[in-house]
Amino acid sequence: MLPGLDGTGQLSVAFLAAVRAHGVPTRALALPSNGPQDYASLLQLLRPQLPSQPFVLLGESFAGPLAMQLAAEAPPALRGLALCTTFARRPLPVPAAGAALLAPAWPMPPLLLLSQLLLGRWRSRQTLRELRLALAQVPAATLRQRAAATLRVDARQALPRIAVPTLCLQARQDRLLWPPSVVELQTLLPDARHVTLEGPHFLLQARTDAAATVVSSWVRALPG
């Protein structure tokens, strides 16, 4: 699994445990907390970490374009691609030039505002605590660089080259992703299995058991 914007994998501990409980071994590939955070640089770091034994790659949110581009390169051991609450190009109706506005040392949005966007009515003391702890592990500059990278990325050209079975998991109450970006992914991946669950952008955190059931069932049904 490639985790979302925080890149730590800490927010996905419960989800990964739930998938393991269904008999599917899992692990997260954490993103580097320092250094370049553009998609091209992160791809270079992730390629050597991909398993040599058969595996399925799951990209969540920010990491979706990374997973798409890695899958398009057809790693020999890749058997499937899962995408969760993600996008092929900028997820907000902001021009790519707007990425420059994220470069200055702006303060991070308040935690309560972030939780409202990411969790909505599913937020709780536990999820707020986990979000706070995960964000505390990553420099604010790194988070801003990643947010800026989402406004520049365009992974659409990779999608026709993805030859493995693909699952797209979406959240019905996603307040973060621009709806046209969700529809675009559905259009560009017509042969994928598209599943929509009730829940917020942080679907794996808010609907852990339901999401784990969908993902693990799909993985177990893959050929071989």
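Colleague: At what angle do the axes of helix H1 and helix H9 cross?
Modeller: Roughly 45°, and the axes come within 9 Å. H1 is residues 13–21 and H9 is residues 208–220. Axes are lines fitted to C-alpha atoms, for helices over the stretch in contact, with angles from 0 to 180 degrees between N-to-C directions.

Colleague: What should I know about the source?
Modeller: It is a predicted model, with local features needing pLDDT of at least 70 and side-chain atom pairs pLDDT 80 or more, while totals for chains, interfaces and linings use all residues. Numbering starts from 1 along each chain as its sequence is written, and side-chain values use heavy atoms, leaving out hydrogens and water.

Colleague: So are H1 and H9 parallel, perpendicular or oblique to each other?
Modeller: H1 and H9 are oblique to each other. Under 35 degrees would be roughly parallel, over 145 roughly antiparallel, 65 to 115 roughly perpendicular, and the rest is oblique.

Colleague: Which residues of H1 and H9 meet?
Modeller: From H1, Ala14, Phe15, Ala18 and Val19. They meet Thr208, Asp209, Ala211, Ala212, Val215 and Ser216 in H9. Contact means heavy atoms within 4.5 Å.

Colleague: How do the residues of that H1 and H9 contact divide?
Modeller: Into 7 nonpolar, 2 polar and 1 charged. Ala, Val, Leu, Ile, Met, Phe, Trp, Tyr, Cys and Pro count as nonpolar, Asp, Glu, Lys and Arg as charged, and the others, Gly among them, as polar.

Colleague: On to the sheet. What order do its strands have?
Modeller: E1-E2-E3-E4, in an open sheet of 4 strands with parallel pairing. Two strands pair if DSSP finds at least two bridges between them. Helices (H or I, at least four residues) and strands (E, at least two) are DSSP runs, numbered from the N terminus.

Colleague: Which strands stand at the edges?
Modeller: Strand E1 (55–60) and strand E4 (193–197). Each has a single partner strand, so one side of each is left without a neighbour in the sheet. Neighbouring strands are turned by 15° against each other on average, with direction ignored.

Colleague: How many bridges does E1 have with E2?
Modeller: E1 and strand E2 (residues 78–84) pair in the parallel sense over 6 bridges. Phe55 stands opposite Leu78 in E2.

Colleague: Which helix packs on the sheet, touching E1 and E2?
Modeller: Helix H3, residues 64–72. The direction of H3 makes about 160° with that of E2.

Colleague: And how many bridges join E3 to E4?
Modeller: 5 bridges, with strand E3 (residues 166–171) and E4 running parallel. Leu167 is opposite Arg193 in E4. Between E3 and E4 the chain passes through helix H7, residues 179–188.

Colleague: Back to helices. At what angle do H4 and H5 pack?
Modeller: About 115°, with the axes 11 Å apart. Helix H4 covers residues 111–118 and helix H5 covers residues 125–136. H4 and H5 are therefore roughly perpendicular to each other.

Colleague: Which residues of H4 and H5 meet?
Modeller: Leu111, Leu112, Leu114, Ser115 and Leu118 in H4 meet Leu128, Leu131, Arg132 and Leu135 in H5. By class, that contact has 7 nonpolar, 1 polar and 1 charged residues.

Colleague: What about H2 and H3, at what angle do their axes cross?
Modeller: Roughly 60°, coming within 10 Å, with helix H2 at residues 39–46. That makes H2 oblique to H3. H2 contributes Tyr39, Leu42, Leu43 and Leu46 to the contact, and H3 contributes Pro65, Leu66, Gln69 and Leu70.

Colleague: How many charged residues are in the contact of H2 with H3?
Modeller: None; the residues divide into 7 nonpolar, 1 polar and no charged.

Terms used. Right-handed = clockwise from strand over helix to strand, strands pointing away.
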